[in-house]
Structures are given as structure tokens and as C-alpha cells.
Amino acid sequence: MVTLKINDKEVSVNDGDTILDAAKKLNIFIPTLCYLKEINKVASCRMCLVEIKGLPKLMTSCSTEAKEGMEVYTETDKIKEARKNNLELLLSNHNKDCDNCLKNNQCKFQELLDKYDIKEKYKNTREKLNIDNSTTYLVRDSNKCILCGRCVDVCSKVQDISVIGRNGRGITTQIGCAFEYPMVDSPCIGCGQCTLVCPTGALTEKDDTKEVENAINNKDLHVIACTAPAVRAALGEEFDMPIGTNAKGKMVTSLRKLGFDKVFDVDFAADLTIMEEVNELIERIKENKNLPMFTSCSPGWIKYVEQYHPELIDNLSTCKSPQQMMGAILKTYYAKKENIDPSKIFVVMIMPCIAKKFERARDGANDIDVVLTTRETARMIKRQNIDFNSLEDSEYDLPLGIGASVVFGSSGGVMEAALRTLTETLTNKPLEKIEFNEVRGLDGIKEATYDVNGREINVAIVSGIKNAKKIIKKIKNKEVNYDFVEFMTCPGGCLNGGGQPYIDFDKYDVEEVKKLRMKCLMEEDKNLPIRKAHENPSIKELYKSFLDHPGSELAEKLLHTKYEKREKYKK
Amino acid sequence: MNKEIDEIIKNSESLIEMLQKIQKIDGYLYFERLFYLSEKLDMSLEDIYSTATFYNGFSFNMKGKYQINICLGTVCYVKGSKELSEEISKILNIKDGECTKDGKFSLDTTRCLGCCSMAPVMKINDDIYGFVKKEQVKEILAKYN
């Protein structure tokens with residue numbers, strides 16, 4: 001432990017902790033734009049400068065270790081002046097197009113400019129740079145970039161794929177792909193973790209809200225919103241609700257207010273996924289073929305396998321993701337049942353994910369019309385001046401509004417839902433304990449072994465591509481012997497997806513936020529009347545009157561898909 | 001073609017060293033070469049590209065059979081080397097860093113070549129030309145036809 005003084009207040013911190021850590025402990029605010037706990041510590045933004053007694057130069061508190069007896073000041077005139085100068089310089093390379101920026105009012109850079117009352121001082125002499133909007137899910141605008149490097153470090157240290165990096169040097173440095181490839185032809189898997197950390201509007205999701213608003217205004221269309229499990233655990237944050245609030249009821253009401261004709265729960269399709277996936281797993285175990293089986297719900301993970309490990313494509317479950325299954329069922333079963341022309345049904349998926357925008361157009365399917373992220377959905381609600389917090393709760397529409405698999409939104413959720421159904425299907429006996437605690441939690445890699453009807457089932461749960469890479473290596477080297485592995489692209493699962501609300505790093509610890517969102521989903525699961533996919537009456541009805549049985553010919557056609565090898569860099 | 005790269009990987013200690021050796025083969029760095037290198041090293045291509053673009057010593061444009069270098073060091077610059085480079089651009093119809101379509105000539109402006117007493121200086125492969133006047137450029141280039 002070392003003891004130091006910050007602004008004349010004494011504080012003790014662990015050896016190796018930085019001045020910034022110490023200040024946090026004292027609740028002293030130091031602005032940062034580039035620092036990311038345990039990920040980025042490049043000290044490039046120069047916002048966190050502090051004065052240390054006895055040292056002539058200002059020091060960056062994010063990268064300077066706290067030492068015994070240090071006397072640190074965080075708000076002297078010299079510091080304020082330096083911060084102002086740095087902000088003025090950063091602004092001089094910025095395009096100042098806040099009115100047209102998706103990040104407007106949620107931008108950390110803008111917040112600091114306001115706080116320090118910075119006006120344009122130096123003219124922007126930089127040439128206008130290219131905006132990369134080549135993908136269907138992401139926009140990268142270097143004209144807004146302040147080169148903090150957070151996106152680069154998330155791409156390399158969290159996901160371990162390093163698709164984007166700093167190209168060039170000095171004044172010509174830009175964030176980009178190798179050989180300036182457009183994102184669409186690059187090995188970007190669309191996780192969107194970079195959009196969560198960008199302190200400006202340089203990296204954002206591709207906004208599709210206008211398209212949805214147009215559809216709602218088109219009276220000929222039957223517009224359906226379907227919300228993914230993880231959305232309810234985070235949407236409230238956009239309206240200043242405490243983190244971890246389950247906003248399901250208000251979310252459904254607000255979507256109705258926006259003008260959606262029906263609001264369904266993707267939990268329903270998650271149940272359907274479980275029915276098909278468990279059936280597939282049982283078959284594969286029986287035939288001892290293509291094991292371990294990998295889950296296929298996370299589109300970033302799918303693209304990762306297709307581009308980086310195409311030799312493992314056969315291990316992927318052929319099940320479409322809940323999103324794609326929902327779309328397929330809506331435009332067939334639901335259309336028939338409600339007697340609506342499928343071409344008049346406009347399906348909007350509300351997802352915690354930006355890769356889902358890419359997944360939408362997979363295998364040429366037209367079942368889903370638009371995918372909105374949690375953030376875009378909040379944007380639409382705000383635009384309509386809906387007072388979200390004072391809304392009454394309401395329930396999803398039937399018949400596709402019941403689901404048992406809300407756990408899908410969290411790492412381990414697909415596994416847990418699958419294990420519930422798998423065990424009961426194989427043993428024909430109700431589970432004594434419905435919770436599979438071993439698969440829960442935020443660890444990037446979890447393993448468990450279960451005895452199911454006399455056969456040992458080895459499972460693993462992996463989230464974050466960095467961890468996926470490790471496990472794939474082990475699988476290839478035959479160091480592990482799994483039967484079924486759940487892979488999620490984003491660390492912690494969908495609750496931490498790239499389309500979720502921004503986390504204010506000044507106020508909250510990311511791990512804490514993940515924990516709270518996870519708790520929210522687990523609470524809902526605990527209180528659900530039906531917690532097993534195969535007991536969902538809507539699912540039973542769907543099989544009885546339409547699909548016949550899991551793995552039937554029609555189910556194969558509607559609910560299963562194929563994968564293809566993709567080049568990392570497309571010519 | 002990639003056998004050379006395998007050899008280079010075997011005999012190099014650092015990425016920079018590998019890149020230097022690869023550049024020596026082709027005169028510049030290009031996608032197929034570096035992509036092969038990235039797969040072999042199990043390293044992201046962007047990490048390699050980002051490293052290479054940091055250094056002025058690496059080039060990403062094809063080089064001609066005859067590589068023209070125009071010195072833009074202080075003395076040469078004062079003595080009018082900029083006009084020389086513009087003249088070459090005009091004659092060959094290429095910009096700084098580019099290569100003619102027939103692959104014959106490429107043009108790169110450089111830092112000081114170390115023979116300021118002969119300023120302005122131009123270099124074609126290993127031939128050095130000093131005290132070059134704008135009017136002589138055409139004549140010099142003609143030697144390499």
C-alpha cells in the first residue's frame with residue numbers, strides 16, 4: 001500500500017495503482033478520453049494531466065503510478081490551461097458537425113468541450129477524409145476521430161483480431177484496415193465493441209431508424225417489433241433508470257406508442273432455437289459426428305468462424321439464430337394464422353447487437369426488414385417525446401410473446417436453456433434443480449460436465465473472441481473433449497453487445513454494469529411461470545399445427561441454414 | 001514465390017527485418033506478400049501494415065525497372081529540385097510515389113542523399129546525376145530507354 005495526497009486529501013492505494021485510480025477512490029473527477037481500464041493506457045489524449053509537487057512537468061494520471069508521499073493536484077490553473085490547449089488542438093482536427101452526428105449529446109469529447117468552454121480557435125486544415133460506410137452495420141468517420149486508440153485496443157486486446165489499427169504516422173495517422181481496405185471487405189466481424197468505447201462519433205452503428213419510421217407511417221404495412229432478451233436489461237439506462245432495471249413492460253408500451261402494430265418477444269424464438277438445437281445435438285451425439293457442436297446464435301462469432309476457421313464450419317449448429325427464426329416464422333406461420341400477406345409484414349428486430357444487421361441479409365433471406373440496436377430504439381422513443389419513465393407496463397402480444405429463454409441475453413444462457421431441455425428430453429423426468437449455476441457468470445471461459453441419462457456431457461461457455469481463439473486452439477490440439485460449446489462474440493454475452501447503451505466510463509465500471517444487467521435477466525428468469533423451452537405452450541402449438549417436430553422437413557427448410565468460407569480480405 | 005518469405009521468416013529476428021527483406025525482393029510491399037506473412041506469423045495483417053506504414057523506409061507502390069529518386073533535402077530544394085521532380089512528373093505522367101504503366105520508371109522524392117555539393121541531385125537506380133538542370137531531364141531519361 002502507498003499513501004498519497006490528492007487535493008490535500010489523504011488516500012491509500014495498492015502498489016502499482018495509478019494516480020487516476022487513487023483519485024477515483026476519493027471521488028475526485030479527472031477527465032479522460034483515451035483511458036480504458038485494463039485495456040488502454042496510451043496517455044494520448046492528455047486530458048488527465050495532474051500536477052505533482054516537486055515535478056516540473058504535468059503528468060498523465062492514467063499512466064503515472066501513485067507513490068508514497070506524493071502530493072497531487074488535479075485542478076490548478078496550469079492544468080486547466082493545459083487541458084484547454086489540448087482540447088483546442090483536438091478540436092482543430094475535428095469536423096464539428098455535431099448537429100448531424102449520432103453521438104450528439106452522448107459524446108464525451110463534446111461534453112469536455114462544453115465543460116471547458118472551448119470554441120474553435122484553429123482552423124481545420126486537414127483534408128476531408130473518407131467516411132467508411134461500406135458495411136450494413138457500422139460507420140467509421142475519420143473526420144471525427146481524435147486518435148485516442150480505444151477502438152484499436154478493444155479490437156486487439158479484447159477481441160484479439162486487430163482488424164483496425166493506426167495507419168501512417170504523425171499528422172497523417174488514421175484509423176483504418178490493412179491496405180486501407182473498406183470495412184465490408186475486411187475481416188471485421190461486426191461485434192461493435194469499438195462503437196461502445198469511441199469517445200466521439202467516429203465509430204457508430206449504421207442508423208436505420210428512418211426506414212422504420214417510414215414503414216410505420218405506411219398504412220399498408222403490418223409493422224412488427226420483436227425485442228431480444230438483452231434489450232430489456234439495458235434500454236432503461238438510456239432514460240436514466242438505474243443500471244440493471246428491467247424495462248420490459250415500459251419498452252413494450254413505448255414500442256406500441258411508436259406505432260408498431262404488434263410487439264413480440266424474441267424469447268419465443270430463443271425457445272424455438274433450443275428445440276431445434278437440442279434435437280440436433282442429440283442426433284450428433286448419437287452419430288458421434290461433428291462434435292463438439294458450436295452454438296450459432298451470435299452472428300459475429302459465425303463470421304469469425306467463416307473467415308478465420310472455415311475448417312470448423314461443420315461444427316457449427318445449423319440452427320438459424322433466434323432473430324432469423326423469428327423472421328421465418330413471422331412470414332410463414334404467423335402470416336397464415338393471421339391471414340396477412342407476408343409481403344405486407346414489415347419485421348423490425350430490436351437487438352443489443354450491430355452484427356445482427358449483417359446477419360439479417362444472410363443466405364438471401366428477406367424475413368427481416370430492419371434490425372435496430374437498443375441505442376437506435378431509444379433514439380426513436382426520444383424523438384417522439386415519449387416520457388419513458390412514466391409509462392405503464394404492458395405485456396407482449398400473443399401468440400409469439402411468450403418465451404422461457406430470457407437467459408439467452410447473458411453468457412451461459414443458451415447453454416443453460418439447452419441443458420434444461422436436453423436433460424428433460426433424454427431422461428423424460430422433470431429436473432430437480434432448474435438452475436445450472438456452473439454455466440452462469442461473467443467469466444470468459446466456463447466449463448462443466450453433466451451426467452445426462454448415464455452419458456457424460458462436457459460443455460464449455462466462451463464469450464469474447466479472444467477467449468474463443470484460445471478454446472479453438474485447444475479443440476484443434478485435442479486438449480479438450482467437449483460435446484457442446486456456447487460461443488458469444490461479446491465479453492459477457494449479448495447484455496454487453498455492441499448495440500447496447502453507452503456506458504459512462506467516468507461513472508461506472510464496465511464489469512459492474514455487466515453484472516447488474518446479468519442480474520436483471522436472471523431475476524426475470526427466476527420469476528418466469530415457464531422456464532423450459534419445451535414447455536412453452538406457443539412452441540408446442542407451433543410444432544403441433546405447423547412444424548410437426550424438431551428437425552422436420554419444414555423445420556429444416558425454415559429454421560436451419562448453411563455457412564460458407566469467406567475470405568478475410570475480399571478482392 | 002512464397003518460399004522466399006518462408007526463408008525470410010526463418011532467418012529474421014524481427015518483423016521490421018522481415019519487411020526490409022521482403023521489400024528488397026519486390027522493391028515495395030504489397031498485399032499478397034504481407035497477407036502470406038501474416039498467416040504464417042499468425043499475426044493480424046493490420047498489425048503488420050500499421051507497423052510498416054509508420055516507417056518512411058517502406059513503400060507500398062510498385063517500383064519501376066528504373067527507380068528515380070529526386071533529393072528534396074534543403075540544399076537540393078533551394079537549388080530547384082522540386083521543379084525537377086515536377087518536370088519528371090510531366091514527362092512520365094506519374095505523380096510522386098507512382099510507377100509508369102509499362103513498369104519502366106518510378107518516381108520517389110527522398111530526403112538528403114548526402115551529396116549536397118552537387119545539388120540539385122537526382123538518382124536513377126545507382127547512377128547519380130549532379131547539377132541537374134530542368135532542360136536536361138528529358139535527355140537523362142532517354143538513356144534508360
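In this predicted model, Val139(A) stands opposite Thr204(A), a residue of strand 10 of chain A, where strands are DSSP runs of E of at least two residues, helices are runs of H or I of at least four, and both are numbered from the N terminus. The model is a prediction in which local features need pLDDT of at least 70 and side-chain atom pairs count only at pLDDT 80 or more, while totals for chains, interfaces and linings use all residues. Residues are numbered from 1 along each chain as its sequence is written, and chains are lettered from A and ligands numbered from 1 in the order in which they are written.

**The three-stranded sheet of chain A**

- Strand 7 (residues 138-141) of chain A pairs with strand 10 of chain A in the antiparallel sense over 3 bridges, two strands being counted as paired if DSSP finds at least two bridges between them.
- These strands belong to an open sheet of 3 strands in chain A, which has the order 6-7-10 and antiparallel pairing.
- At its edges are strand 6 (131-132) and strand 10 (203-205) of chain A, each of which pairs on one side only.

**The four-stranded sheet of chain B**

- In chain B, 4 strands form an open sheet with mixed pairing, in the order 2-1-3-4.
- Strand 2 (105-110) and strand 4 (127-129) of chain B each have a single partner strand and stand at the edges, so one side of each is left without a neighbour in the sheet.
- From one strand to the next the twist averages 20 degrees, with axes fitted as lines to C-alpha atoms and angles running from 0 to 180 degrees between N-to-C directions.
- Strand 1 (residues 66-71) of chain B runs parallel to strand 2 of chain B and is joined to it by 6 bridges; within this pairing, Ile68(B) has Leu107(B) of strand 2 as its bridge partner.

**Overall build of chain A**

- Chain A contains 17 helices and 18 strands.
- The radius of gyration of chain A is 25 Å, close to the 25 Å that the globule rule gives for 571 residues, so chain A is as compact as a globular protein of that length; the radius is taken over C-alpha atoms, and the rule is 2.2 Å times the number of residues to the power 0.38.
- The C-alpha trace of chain A spans about 75 × 55 × 50 Å along its principal axes.
- Of the 571 residues in chain A, 49% are buried, that is, 20 or more other C-beta atoms, placed from the backbone, lie within 10 Å of the residue's own.

**Domains of chain A**

- The domain assignment, which is automatic or from a database, divides chain A into domain 1 (2-88), domain 2 (95-202) and domain 3 (210-559).
- Between domain 1 and domain 3 of chain A, the C-alpha centres lie 42 Å apart.

Note on methods: A residue is buried if 20 or more other C-beta atoms lie within 10 Å of its own, exposed if 12 or fewer, and partly exposed in between; C-beta atoms are placed from the backbone.
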